[in-house]
Amino acid sequence: MAALDLIAAGFGGQGILFLGEVLAWAAVLEGKNATWLPSYGPEQRGGTATCTVVVAGGTIGSPVVADPEVLVAMNGPSLDKFAPRVRPGGLVIVDASMVDRPVARSDVRVVRVDAVAQAAALGDVRMANMVLLGALLAAVPVVSLDAVKRVLADQFPPPNEALAAANVKAVTGGMAASRGAAQPLR
Amino acid sequence: MRPESPMTRVFGRPPVLIETPTHYCPGCTHGIAHRLVAEVIDELGLRGRTIGVASVGCSVLAYHYLDVDFQQAAHGRAPAVATGIKRVLPGRVVFTYQGDGDLAAIGTAEIIHAANRGERITVIFINNAVYGMTGGQMAPTTLVGMRTTTTPAGRDPVVYGFPLRVAELLAPLPGVAYASRVALSSPAHVNRAKRSIRRAFQTQLDGLGFSIVEMLSTCPVGWGQTPIDAMRWLEAEMFPVFPLGELKAPAEVKA
Amino acid sequence: MMPAFTKGNEAIAESAIRAGLRAYFGYPVTPQSELPEYLARRLPERGGVFLQAESEIAAINMVYGAGARVMISTSGPGFSLMQEGLSYLVGAEVPCVVVDMMRGGPGLGNIAPAQGDYFQATKSAGHGDGRLLVLAPWSVQEACDLTRVAFDLADRYRNPVAILGDGLLGQMMEPVVLPAPVEPARDVAWATTGAGSGPARVITSLDLEPEALEARNRRLQEKYRRAQQEVRWEGYRLDDADVAVVAYGISARIARTAVDRARDEGVAAGLVRPITLFPFPSQAVRDVASRVRIVLVTELSAGQMVEDVRLAADGRVPVRFYGRFGGMVSTPPEILDQIEQAASEVRAA
Ligand SMILES: Cc1ncc(C[n+]2csc(CCOP(=O)(O)OP(=O)(O)O)c2C)c(N)n1
Ligand code: SF4
């Protein structure tokens, strides 16, 4: 898949912005265009964080996305707010450790991953964002794992290469967990 | 059930302090300063005749917390707005609440001239050594060597001069009737700070001139410290540069 | 070359350094603080001066004194405070680059993206009859490229040049290929250097004699006439368009997606994007207005550029306006809706 637009949302501190940055940067490394937009406007309030990423082979028009193809929701309020906006046929990725309610839509694919639990098992709950990124890549391979690895290596240069490796593990863990986990469209 | 024991109320929310969730970061002393101002307004019975002027900085929303009339001023201009209010309504109690970027950088002209005119207003001045709201840039009060987002290698006095001591700068002006510096870093200091705010408002009520209380405050977020470390840092690093005490006080209001 | 992946604010800062920036003066304000913070880290190590001033009023006057490639950046409230200084720069013909990353207004407003400073940037440099040249990038790459253009125009016309962006452009990240560094001439003929053996140089905007001040103004106006050759704009899918959307900066990007979606639905829509806001691409707008059946202007304001579009279109076609403001940002479906309304309006006619 070449193009994608996505909104990722959660609490501040959950690494939402970083998730988007890794994805967008990986796309750029693969020669694609990408835009990354942090929370803006009313979304900026109240401890929530959102980011919008658009990836495309050619020119990107609007970096502002009202009706994303993909939603990554790291908490309940984000799911409630953004799930209704996902385009029909799109994809909703939910951190099942943080959100227990179902996604009230039958026209989108849903992937539920215990991201926080899985990250905790890997030693740091803050890597839940990378688990979700992995889940995303398994469902829509918009960038290669290799590009993601290069971005993480760049983000955690020596002497932090252990962090880079741990984050890669979180991504591959998320990929494995979500493979086949996507509920088909009903 | 036990019979009700006779209790005296030793602590409570001052009525002027609105009960609402705060937007300040954990460990920020803006909240303490708000409370002290609220207590003094209540204790002096000034609630129905006080007008506050909010500045531009993290305390821009002071009117969400203090239940008195408020006007929100442009960055640095609060003393001018307060002057306008007080000159037209000399019988009201008027105070500004300003940060160190607001008062001591962009608003230097307004504060000096309000003080020099002896405006009968009270200035609550929060010195937290950085610009909190905009993300921890250097303020005129930033300590030498202190790293901020615009002094990544630390404040260099050759480039930026030395921390501006506002209380010392204003105290000698004849229009200034009361000037003090207090700290919000421990219960004892907080109690002293409250006495000082009371005296500043009393100075205004007595028509004696301009009054200012400079409060050494924390900005854990801007400083990149935990709330507790920030309290310690304030006392260890700011006290030597910004000595506490009453620099000027009219005999009448000296308690 | 592998592009960097950067925020608009930082791309402008790095591009300015590569354009030979000698000095930056500014005062913190959201949503552009990444720009001075980047320069605080990088400009001194590359031999330039970085100074945080005590206010925007001081900062623009430091710029007035710099006599070299100099930049200042701000957002709405600070841009207002710079107006007096900009008027002096224009009057004395002192170049500089001023960046305004617009936010919601009026007054303190908020820090969310907006385009409400169009009038203030394009209609007058403070008081008097002076103008800023105004460039409006729509992407991080263009913000980077136009920064170089801005310095060149400022020097060529000895006039302040504004880069008018918004909080969204400043804080979004995109790939950007940075230009190679240049080393501009250091001694400019007009600057007060205190080192001349020739006649003393005086920088002033004062002319006590009205004849002299009128002559100065004629010179400025002549300059702005010459600057008409700097007009830049871009058209997109206009060839057979019935509906021409006119938008600049971030609004134009949002509109571009809406135009594509309209085309998918069989509505012949196109986009006119002014890149220079002063000089305004009036001729281009006029030409397009003569070919299409209706024009839709969209801005993150209550309607500012639309006045220039109406002047240019000069009654040739109906000109409709759609704006969001106060920090609210329009979305492609919203603009698509407006395009469809415009299209059905002309179909009905
Ligand atoms: C004219 C103008 N310039 C800049 C700003 C941006 N600004 C908002 S708050 C602030 C500084 C706040 O620092 P301080 O006064 O120290 O208060 P604190 O946030 O630390 O409490 C600045 C520069 C503005 N709102 N208006
Ligand atoms: S940024 Fe600093 S001054 Fe502002 S609320 Fe947070 S801790 Fe307080």
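This is a predicted model: local features need pLDDT of at least 70, side-chain atom pairs count only at pLDDT 80 or more; totals for chains, interfaces and linings use all residues.
No contact joins chain A and chain B, and their closest C-alpha atoms lie 9 Å apart. Two pairs of chains do touch.

The interface between chain C and chain B was examined next. On the chain C side, 17 residues are in contact. On the chain B side, 18 residues take part. The area buried between chain C and chain B is about 1,300 Å². Carbon and sulfur atoms give 61% of that area. Three elements of chain C each give two or more residues to the side that touches chain B: helix α2 (34-42), strand β3 (49-52) and helix α3 (56-66). By class, this side of chain C has nine nonpolar, four polar and four charged residues. Zero salt bridges are counted between chain C and chain B. Polar contacts are found, however: nine residue pairs, both members at pLDDT 80 or more, are in polar contact between chain C and chain B.

Chain C itself has 13 helices and 14 strands. Its radius of gyration is 21 Å, close to the 20 Å that the globule rule gives for 349 residues, so chain C is as compact as a globular protein of that length. The C-alpha trace of chain C spans about 75 × 50 × 40 Å along its principal axes. Of the 349 residues in chain C, 62% are buried.

Salt bridges were then searched for in the whole structure. Over all chains, 40 are found. Side chains of opposite charge can pair when their charged atoms come close. Individual pairs are described below, chain by chain.

In chain A, Arg87(A) forms a salt bridge with Glu69(A), with the closest N and O atoms 3.7 Å apart. This pair links distant parts of the chain, 18 residues apart. Arg87(A) sits in the loop between α2 (76-82) and β5 (91-95) of chain A. Glu69(A) sits in the loop between β3 (48-56) and β4 (70-73) of chain A. Arg87(A) has 26% relative accessibility and so counts as partly exposed. Glu69(A), with a relative accessible area of 18%, is buried, because it falls under the 20% cut-off.

In chain B, Glu110(B) forms a salt bridge with Arg77(B), the closest N and O atoms being 3.3 Å apart. Glu110(B) lies in helix α4 (residues 108-116) of chain B. Arg77(B) lies in the loop between β2 (69-72) and α2 (78-88) of chain B. The pair therefore ties together parts that are 33 residues apart in sequence. Arg77(B) counts as buried at 16% relative accessibility. Chain B also holds a network of salt bridges. This network links Arg35(B), Glu39(B), Glu43(B), Lys194(B) and Arg198(B).

In chain C, Glu142(C) forms a salt bridge with Arg273(C), with the closest N and O atoms 2.7 Å apart. Glu142(C) is in helix α7 (residues 140-157) of chain C. Arg273(C) is in strand β11 (residues 269-274) of chain C. The pair links distant parts of the chain, 131 residues apart. Both Glu142(C) and Arg273(C) are buried.

Terms used
Residues are numbered from 1 along each chain as its sequence is written. Chains are lettered from A and ligands numbered from 1 in the order in which they are written. Side-chain values use heavy atoms; hydrogens and water are left out. Contact means heavy atoms within 4.5 Å. Buried area is the accessible area (1.4 Å probe) that two parts lose on being put together, summed over both. A salt bridge is a side-chain nitrogen of Lys or Arg within 4 Å of a carboxyl oxygen of Asp or Glu. A polar contact is a pair of N or O atoms within 3.5 Å; within protein, one must be able to donate a hydrogen and the other to accept it, and residues adjacent in sequence count only if both atoms are side-chain atoms. Helices (H or I, at least four residues) and strands (E, at least two) are DSSP runs, numbered from the N terminus. Ala, Val, Leu, Ile, Met, Phe, Trp, Tyr, Cys and Pro count as nonpolar, Asp, Glu, Lys and Arg as charged, and the others, Gly among them, as polar. The radius of gyration is taken over C-alpha atoms; the globule rule is 2.2 Å times the number of residues to the power 0.38. Buried means under 20% relative accessible area, exposed over 50%, partly exposed in between (1.4 Å probe, protein chains only).
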